[in-house]
Amino acid sequence: MVSTRLVFFACFLINSLAADYVINNKRFPSDFMFGVATSAYQIEGGWNEDGRTPSNWDHMTHTRPEFVKDRSNGDIACDSYHKFKEDVAIMKKMGVKHYRFSLSWNRILPTGFPDKINEPGIAYYKNLIKELKTNNIVPLVTIHHWDLPQSLQNLGGFLNASIVDWVADYARVCYKAFGDDVKYWLTFNEAKQICMGGFGFGYYPPAIHSEGILEYVCAHNLLKAHAKAWHIYDKEFRAKQNGKVSVVLDSSAYIPASNKPEDKVATDTVLHFELGWFANPIYNGDYPEIMKTRVAERSKREGRPKSRLPEFTEEEKALIKGTHDYFAMNTYTSYLVESIPDPGIQDPPTRWSDIGVNNFQPDTWENTTMEQDWFKIAPWGMRTLLKWIKYHYSNPEIIVTENGVCDYGDMEDDKRISYIRDNLSYLRDAMIEDGVRVFGYTVWSIIDNFEWQHGYTQKYGLYQVDFDDPKRTRRPKKSADFYKKVCTTRCITDKCVV
Ligand code: BGC
């Protein structure tokens, strides 16, 4: 329970910060990358064309349509499998420097394995990359953005330790096929969501509920898979292709609810569990100390002979540490954090009771849509989060690979404009005031698309897509003009200095 006094303090703190806040009017550096993002299953469609086999999302939406709010699926989605040239033309018009998209594993490897490479699948992405190149748009390629071949899901997916080799073999095929033209690779999108969504809360396929147990197992395998894919690039491709490989991590910003020392400690604890869970092994060689200690201690109290958090061997730690060429981060919102008394032992366990703090968003913060109860508009966290990353992971070069806001499809989307402007302003503050090395920012998304368990009910696009129209016509919203101005002037106010 959050005390009224605390909420009052927190609201006062944030409201006064927000009220006095002046939008940053310093121009972004000339090499700063402004871009947009999408992912394969959310936009491509063409679900059974040219040799593509079903992914876990095809399987789930076809066998359990009620899994998605409007019982929709990605069979056609934005039809970008056929309309990618139009998408690139929109981006060109907008003046973006990069486009982040993902590859469909089952379009490239229909069995999930490299025994059979699907040439039309390879050709699709080659054509897309060529189109981007012709238009001077840099591709940022995510190898896996949540759509796993169902054939691999049937074998246990991320719970099967062999996923390490499956990912590595698939990544090698991708580097080989596209690596001459791709300089920025991302192994996974939002590592944490794959495990939390798939095996913790169960809101993504395979929809298993096993908080605090299987989600840790999934993460353990995923980290090893990322590391192996990074090393393959490093050893076999880097010298010739000269690109960079990273993984997209996601975190909200967390801010102490008061200036009490225990709330500050609680805030660090959440960040170690939310971001450090993946970032710490990659940057510092193991899970964060606080995470290891808490889960081990709670597991003991539950009567378990060992911790629910698996341990890395020394060899594995060494293999994972350093597998980053830049820091890729998705962030959407902020929370206030307060310390609470030990939540006691839960049966079954939950990861949030392992974390053992209370995080909340005051009612006074602006809502996005009714369905997104996790997502209020709180852009000031952007700066705090970037600063935290700088401090804990040795001042890496950072790109924000996703940031954006949902609504029900307004064409006059002023909320989206202020959301992007304010996030960019706090990001610019972090660069100037705190010396955080941010080199890019990416809006989610260029076009409205299939929003996972929410289907087509939540819109994130700078462009509207008419999903009732077989042509899937794209139309610019007001925010598309705004973002075009940002991309072309590198300025978020009417007039910039320097
Ligand atoms: C995911 C996207 C998703 C977006 C909005 C991110 O977590 O990477 O695929 O559409 O959030 O929910």
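Analyst: Two strands are said to pair if DSSP finds at least two bridges between them. In this predicted model, 3 bridges join S4 to strand S5 (residues 244-246), so the two meet that requirement. They run parallel, and Tyr184 stands opposite Lys244 in S5.

User: What makes S3 a partner of S4?

Analyst: The cut-off is at least two bridges. Strand S3 (residues 138-144) is joined to S4 by 4 bridges, so the two count as paired; they run parallel. Thr142 stands opposite Leu186 in S4, and His144 is placed opposite Phe188 in S4.

User: Which strand is joined to S3 by 5 bridges?

Analyst: That strand is S2 (residues 98-102), which runs parallel to S3. As an example of the pairing, Phe101 has Val141 in S3 as its bridge partner.

User: What is the order of the strands in the open sheet of 9 strands?

Analyst: The order is S5-S4-S3-S2-S1-S14-S13-S8-S6, and the pairing is parallel.

User: Why are S5 and S6 said to stand at the edges?

Analyst: S5 and strand S6 (248-250) each have a single partner strand, so one side of each is left without a neighbour in the sheet. From one strand to the next, the twist averages 25 degrees. For S6, the pairing is with strand S8 (residues 327-330), in the parallel sense over 3 bridges. Within that pairing, Asp250 has Asn330 in S8 as its bridge partner.

User: Why is S4 described as largely enclosed?

Analyst: A residue is buried when its relative accessible area is under 20%. In strand S4 (residues 184-188), 5 of the 5 residues are buried, so the strand is largely enclosed by the rest of the structure. S3 is mostly covered, with 6 of its 7 residues buried.

User: How do you know that the span of helix H8 agrees with expectation?

Analyst: The expected span is 1.5 Å times one less than the number of residues. Helix H8 (residues 163-178) has 16 residues and should therefore span 22 Å; its end C-alpha atoms are 22 Å apart, which agrees. Among the buried residues of H8 are Ile163, Trp166, Tyr170, Cys174 and Phe178.

User: How does the reach of H16 stand against the expected value, and why is this helix called largely enclosed?

Analyst: H16 has 21 residues and reaches 29 Å from its first C-alpha to its last, close to the 30 Å expected. Of the 21 residues, 15 are buried, so H16 is largely enclosed by the rest of the structure. Just after H16, Gly435 takes a positive phi of about 65 degrees.

User: Why does Arg428 count as buried?

Analyst: Arg428 is found in helix H16 (residues 414-434). Its relative accessibility is 9%, and the limit is under 20%, so Arg428 counts as buried. Arg428 and Ile492 are 64 residues apart in sequence and 9.9 Å apart in space, C-alpha to C-alpha.

User: Why is Gln193 called buried?

Analyst: Gln193 has a relative accessible area of 12%; buried means under 20%, so the term applies. Gln193 lies in helix H9 (residues 191-199).

User: What makes the approach of Gln193 to Tyr203 a polar contact?

Analyst: The distance cut-off for a pair of N or O atoms is 3.5 Å. The side chains of Gln193 and Tyr203 are joined by a contact of 2.8 Å, so the pair falls within the cut-off.

User: Which residues are around the ligand?

Analyst: They include Gln42, His145, Trp146, Asn189, Glu190, Glu402, Trp452 and Tyr460. An N or O atom in the side chain of Gln42 is 2.8 Å from an oxygen atom of the ligand. For Glu190, a polar side-chain atom lies 2.7 Å from a ligand oxygen atom, while for Trp452 the corresponding distance is 2.9 Å. Taken alone the ligand exposes 310 Å², and the protein buries 92% of that.

User: What is the order of the open sheet of 3 strands, and which are its edge strands?

Analyst: The order is S7-S9-S10, with mixed pairing. The edge strands are S7 (253-256) and S10 (357-360), each of which pairs on one side only. Neighbouring strands of this sheet are turned by 35 degrees against each other on average, direction ignored. Strand S9 (residues 334-339) and S10 run antiparallel and are joined by 4 bridges; Ser339 has Val357 in S10 as its bridge partner.

How values were computed. Residues numbered from 1 in each chain as written. Predicted model: local features only at pLDDT ≥ 70, side-chain atom pairs only at ≥ 80, totals over all residues. Heavy atoms only, no water. Buried < 20%, exposed > 50% of the residue type's maximum accessible area, 1.4 Å probe, protein only. Near = heavy atom within 4 Å. Polar contact = N/O pair within 3.5 Å; in protein donor to acceptor, adjacent residues only side chain to side chain. Areas by Shrake-Rupley, 256 points an atom, 1.4 Å probe, with all protein chains shown as cover. Axes fitted to C-alpha atoms, helices over the stretch in contact; angles between N-to-C directions.
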